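These are my notebook entries on one protein chain. I set out to look up its strand pairing and its nonpolar cores.

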Amino acid sequence: MKTNLLLPIWLIYCCLACCLVQAQDQKQGQTKKYSYPQKSLKALRVQQTPKIDGILDESIWQEAEIATQFIKNRPNPGPIEKHPTEVRILYDDAAIYIGAVMHDVSQDSIYRELGRRDDLGNTDFFGVFLDTYLDELNGFGFFITPAGVQLDARYSSNGEDWSWNAVWESSARLNKTSWVAEFKIPYSAIRFSSKAEQVWGLNFMRNRQSTREGFLELCRPRHRWLC
């Protein structure tokens, strides 16, 4: 595992090329094509460490770039989400911080179920995939449900390993028409290169259980764990 590192320039790039998605229109039996441009997201370096409480009320969150307009990946890939997801990333010398807001219709539309770690159940969830070596092979996934249940996995050429448990912090909070997820992922919990400039592959995922729909911030259909 890596210890704390000073990262003077820390950028996360979401997508290397345009994405073309083909989806079947169930009503008319026609194939629709959706084309999306290259995306990138820059993490904001901070001096003040945010409190992991699921509120995102610190001013530093408002200064960070926003990742939004998630793309449906199931059951019918292609359309942009109707209920927006907004994600921001911060970092300091010890960890990266992720704040996400999942908008919805009402609390009743947000499925939440208590369970054990790494056990989803019948629930919404939000997660982040980190390709820290940008090799489109190895990576880490961190997830949380509206009930605060943590899930994490490691990805490699052998597939996904849910028995891998990292030490990280998270919090979830339910609002009237949204729920919030907040992560603190220490550098000691993951592996990455020693380069001064860190360029990682990235994806975010949202599951909306009330409609059995899954959404990604971007689409990379060649790579199973990223898409």
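**Entries on β9 and the cores**

I first looked up Phe-129 and found that its bridge partner in β15 is Asn-203. I note that the model is a predicted one.

I then followed the pairing of the strands. β9 and β15 are antiparallel and share 7 bridges. On β10, I found Phe-143 as the bridge partner of Gly-127. β10 also runs antiparallel to β9, and 5 bridges join the two.

Next I asked which way the residues of β9 point. Phe-125, Gly-127, Phe-129 and Asp-131 point one way, while Phe-126, Val-128 and Leu-130 point the other way. I recalled that side chains in a regular strand alternate between the two faces of the sheet.

Is β9 mostly covered or mostly uncovered? I found it mostly covered, with 7 of its 7 residues buried.

I then turned to the largest nonpolar core, which has 33 residues. Phe-126, Phe-142, Phe-183 and Phe-204 have the most contacts inside this core. I recorded the strands that each supply at least two of its residues: β7 (85–91), β8 (95–103), β9 (125–131), β10 (139–144), β14 (178–186) and β15 (197–208). I also noted a second, separate core of 11 residues, with Leu-56, Ile-60, Trp-61 and Val-180 among them.

Finally, I listed contacts of Phe-183, leaving aside residues up to four places away in sequence. Phe-183 touches residues including Phe-126 and Val-128, as well as Phe-142, Phe-143 and Ile-144.

Terms used
Residues are numbered from 1 along each chain as its sequence is written. This is a predicted model: local features need pLDDT of at least 70, side-chain atom pairs count only at pLDDT 80 or more; totals for chains, interfaces and linings use all residues. Side-chain values use heavy atoms; hydrogens and water are left out. A nonpolar core is a set of buried Ala, Val, Leu, Ile, Met, Phe, Trp, Tyr and Cys residues joined through side-chain atoms within 4.5 Å. Buried means under 20% relative accessible area, exposed over 50%, partly exposed in between (1.4 Å probe, protein chains only). Helices (H or I, at least four residues) and strands (E, at least two) are DSSP runs, numbered from the N terminus. Contact means heavy atoms within 4.5 Å. Two strands pair if DSSP finds at least two bridges between them.
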